[in-house]
Amino acid sequence: MSPSDSLATLAVRAGQQRSQFNEHAEALYLTSSFVFESAAQAAARFTGNDPGFVYSRFTNPTVAMFQDRLAALEGAESCLATASGMSAILMTAMSVLEAGDHVVCSSAVFGSTVTLFGTILGRFGVETTFVPAGDVGAWRTALRPATKLLFLETPSNPLIEIADIAAIAAVAHDADALLAVDNCFCTPALQRPLALGADLVIHSATKYLDGQGRVLGGAVCGSKRLVGEGMLPFLRTAGPSLSPFNAWVVLKGLETLELRMLAQSERALQLARWLESHPKVARVFYPGLASHPQHALAMRQQRAGGAIVSFEVRGGRDAAWKVVDGTRLISITGNLGDVKTTITHPATTTHGRISPEARAAAGISEGLVRVAVGLEAVADLQADLARGLN
Ligand SMILES: *Cc1c(COP(=O)(O)O)cnc(C)c1O
């Protein structure tokens with residue numbers, strides 16, 4: 001990806017709009033509606049001929065600052081913010097699909113994404129085929145004349161598999177379909193899918209964009225035609241809008257995004273190396289390690305390995321639970337993207353509802369543990385994990 005100099009500047013400067021008071025920090029506009037000077041101005045705002053603000057379901061100055069800043073970081077013409085990552089995916093589906101359309105989706109996506117495409121959208125006549133993310137041939141084979149959207153999450157969760165964004169974008173475009181990439185794990189600080197050929201980038205701002213585990217938020221970035229014009233009618237009408245307060249939190253979160261992602265990736269790499277040399281650990285899944293099967297692709301496509309490390313403990317579930325229960329510092333919670341390190345046992349939590357056979361087929365063993373590395377000292381994280389491993 002391109003050098004980050006401009007990214008650093010854009011993260012703290014892009015999108016800011018100052019009021020007549022010339023405040024230095026970005027202002028929080030807690031208002032549901034905006035006042036017009038006349039009936040004529042009100043009419044012009046409602047038709048869209050006057051671009052000013054109307055109602056915070058449509059947009060709001062704080063929300064607009066977040067959208068413009070995130071668009072700049074992703075290299076997108078346009079960005080629309082939503083109340084959560086899931087509502088960003090829903091807005092995408094409701095805007096680009098109709099009954100009879102077909103979707104190809106990578107199988108190791110966020111659990112609610114599987115339910116949204118596999119179950120809920122099925123009731124509205126949209127069919128979805130799930131394919132292994134890394135198998136470019138499987139994406140091509142799954143295409144049908146009705147395929148409109150390819151949906152990819154890379155790196156995947158919890159096995160941190162990497163898929164080739166440029167190759168899958170080419171598959172989509174050969175079929176006149178769109179490629180949407182859920183960029184939650186890498187963020188634009190480490191990976192910019194639009195530059196690799198994707199049409200849409202989706203975010204759960206709840207994770208690294210906030211970075212401190214405070215609020216829910218989401219966003220979709222892409223061209224003005226697809227996002228600013230194509231998705232605004234759904235957002236304005238259906239109302240999965242981001243609250244101005246949450247927008248302000250994630251807007252300020254973007255200012256430290258690059259520093260956090262690089263520092264957390266560095267800690268994750270150190271922890272992964274230590275785990276790889278530990279006798280009780282059978283295998284470590286981290287794309288920054290030379291032992292990762294897609295290490296070369298990851299290093300070409302991403303600026304660093306990211307902050308999620310998974311590893312298989314020898315001794316199955318009992319041994320894995322000992323590691324989880326041995327922690328005193330690391331938080332036992334399903335969330336990730338925080339400066340506080342978190343730990344989960346995927347087989348009995350995030351992936352607990354799928355059958356043991358399906359879980360085994362997906363490679364999620366009983367000994368697997370996932371750590372989302374934060375900003376604590378690596379030595380303290382090692383000591384915390386060593387307690388349960390030894
Ligand atoms: C958390 C997450 C989502 C959903 O985001 P919410 O903000 O919780 O709705 C989508 N994709 C990925 C990869 C996630 O980790």
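**Ligand contacts**

I started with K207: a polar side-chain atom of K207 lies 2.6 Å from an oxygen atom of the ligand. I took a polar contact as a pair of N or O atoms within 3.5 Å; within protein, one must be able to donate a hydrogen and the other to accept it, and residues adjacent in sequence count only if both atoms are side-chain atoms. Next I checked S204, where an N or O atom of the side chain is 2.8 Å from an oxygen atom of the ligand. For M86 I found a polar backbone atom 2.9 Å from a ligand oxygen.

How much of the ligand's accessible area does the protein cover? I read 92% of the 380 Å² that the ligand has on its own. Accessible areas here come from the Shrake-Rupley method with a 1.4 Å probe, and for residues only the protein chains shown count as cover.

I noted what kind of model this is: it is predicted, local features need pLDDT of at least 70, side-chain atom pairs count only at pLDDT 80 or more, and totals for chains, interfaces and linings use all residues. Residues are numbered from 1 along each chain as its sequence is written, and side-chain values use heavy atoms, with hydrogens and water left out.

I went back to S204 and placed it in strand β6, residues 200-204. Helices (H or I, at least four residues) and strands (E, at least two) are DSSP runs, numbered from the N terminus. S204 is buried, at 12% relative accessible area. Buried means under 20%, exposed over 50%, and partly exposed in between, with a 1.4 Å probe and protein chains only. Leaving aside neighbours within four places in sequence, S204 is in contact with G85, C184, G217 and G218. Contact means heavy atoms within 4.5 Å.

**Helix α5**

Which residues of α5 (111-120) are buried? I found T113, L116 and F117. They sit on the same side of α5, because they cover an arc of only 80 degrees around the axis. That arc is taken from the directions from the helix axis to the C-beta atoms. An α-helix has 3.6 residues a turn, so residues three or four places apart point the same way.

I looked at the cover next. It includes α4 (85-96), β2 (102-106), β3 (127-131) and β4 (147-153). T113 itself has 0% relative accessibility. Leaving aside neighbours within four places in sequence, T113 is in contact with M86, I89 and F151.

**Cysteines**

How many disulfides are there? I counted zero, with a disulfide taken as a pair of cysteine sulfur atoms within 2.5 Å. The sulfur of C221 has its closest cysteine sulfur in C79, 3.8 Å away, so it is too far for a bond. For C186 the closest cysteine sulfur is in C184, at 9.6 Å, also too far. C186 is buried at 0% relative accessibility, and C221 is buried at 0% too.

**Two last residues**

I found S19 in the loop between α1 (5-13) and α2 (39-47). S19 counts as buried, at 18% relative accessibility. Its C-alpha atom is 9.8 Å from that of P61, 42 residues apart along the chain.

D174 is in helix α7, residues 165-174. D174 is exposed, with a relative accessible area of 60%.
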